[in-house]
Amino acid sequence: MSEFFDLPSDLQNTYPGLIALHLREALLPVLAGLLVALPVAQLCIRLRWLYPPVLWVTTVLYAIPSIAFFVVLIDYTGLSELTVMIPLAVYSLVVLVPAIVDGVRSVPQETLAAATAMGFGPLRRYFQVQLPIAAPAIIAGLRVAAVSSISLVSVGMLIGNQGALGNMLNSGLIYNQPRLIWLSVVGTAVLAILVDAALIAVRVLLTPWMPRKATR
């Protein structure tokens, strides 16, 4: 059975190592995208006129093919993980910014008024009232961004050995080994399902006030 998971030497990694690399290259960009999207979304909420141009910019950036992104970045970041992760972080903004804006805007005005009456300042109200109530919408955006990022990591095989499980797919095609192709495809799908399930569990933990049927 262990032979089933043996990989060609040119992959320079084990199967568990490729899985760990795949998760790192997929999830760190989503986290970085979230850290950028939070202040950008707050600006869009405060300055409503800013939201349409921000959406336009994120949509245009998302439309740039990943290969073109890689070509531009290679001169600056080389054949490294960063060359794969920077485009994925940029792509996540097209999902995360609208998710945060829509989630925060859905907070009832009565709730905001009550928080203000209790002495909450704008920053405290944002982090302790608006973001927790908007958590279901934000995590829904994170689910889409994470699953999309996990699938796009494989494109990194085009710039060397940075495609994680995608490199195994490439090797399977080169050496005509269906075993490697299946390991790559099934492994990527399982990772996406597990990460999505983990985010659902996080949503359940963060939103105990929501009905069980709604969380499912």
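So, what share of the 216 residues in this chain is buried? It's 41%, where buried means under 20% relative accessible area, exposed means over 50%, and partly exposed is in between, with a 1.4 Å probe and protein chains only.

Quick note before we go on: this is a predicted model, so local features need pLDDT of at least 70 and side-chain atom pairs count only at pLDDT 80 or more, while totals for chains, interfaces and linings use all residues. Residues are numbered from 1 along each chain as its sequence is written, and side-chain values use heavy atoms, leaving out hydrogens and water.

Okay, the overall fold. We've got nine helices and zero strands; these are DSSP runs numbered from the N terminus, H or I of at least four residues for helices, E of at least two for strands. Take contacts, meaning heavy atoms within 4.5 Å: of those between residues at least 6 apart in sequence, 71% join residues at least 24 apart.

Let's look at one residue inside. Ser-149 sits in helix 6, residues 122-152, and counts as buried because its relative accessibility is 2%. Leaving aside residues up to four places away in sequence, Ser-149 touches Glu-25, Ala-26, Val-30 and Leu-88.

Now Val-186, over in helix 8, residues 178-206. Val-186 is partly exposed, since its relative accessible area is 40%. Together with Trp-182, Val-185, Val-190 and Leu-194, Val-186 makes a nonpolar surface patch of about 480 Å². For a patch like that, residues need over 30% relative accessible area and no salt bridge, and nonpolar side chains are joined within 5 Å; a salt bridge is a Lys or Arg side-chain nitrogen within 4 Å of an Asp or Glu carboxyl oxygen.

How values were computed: Patches are made of residues with over 30% relative accessible area and no salt bridge: like charges are joined within 9 Å, nonpolar side chains (Val, Leu, Ile, Met, Phe, Trp, Tyr) within 5 Å. Accessible areas come from the Shrake-Rupley method with a 1.4 Å probe; for residues, only the protein chains shown count as cover.
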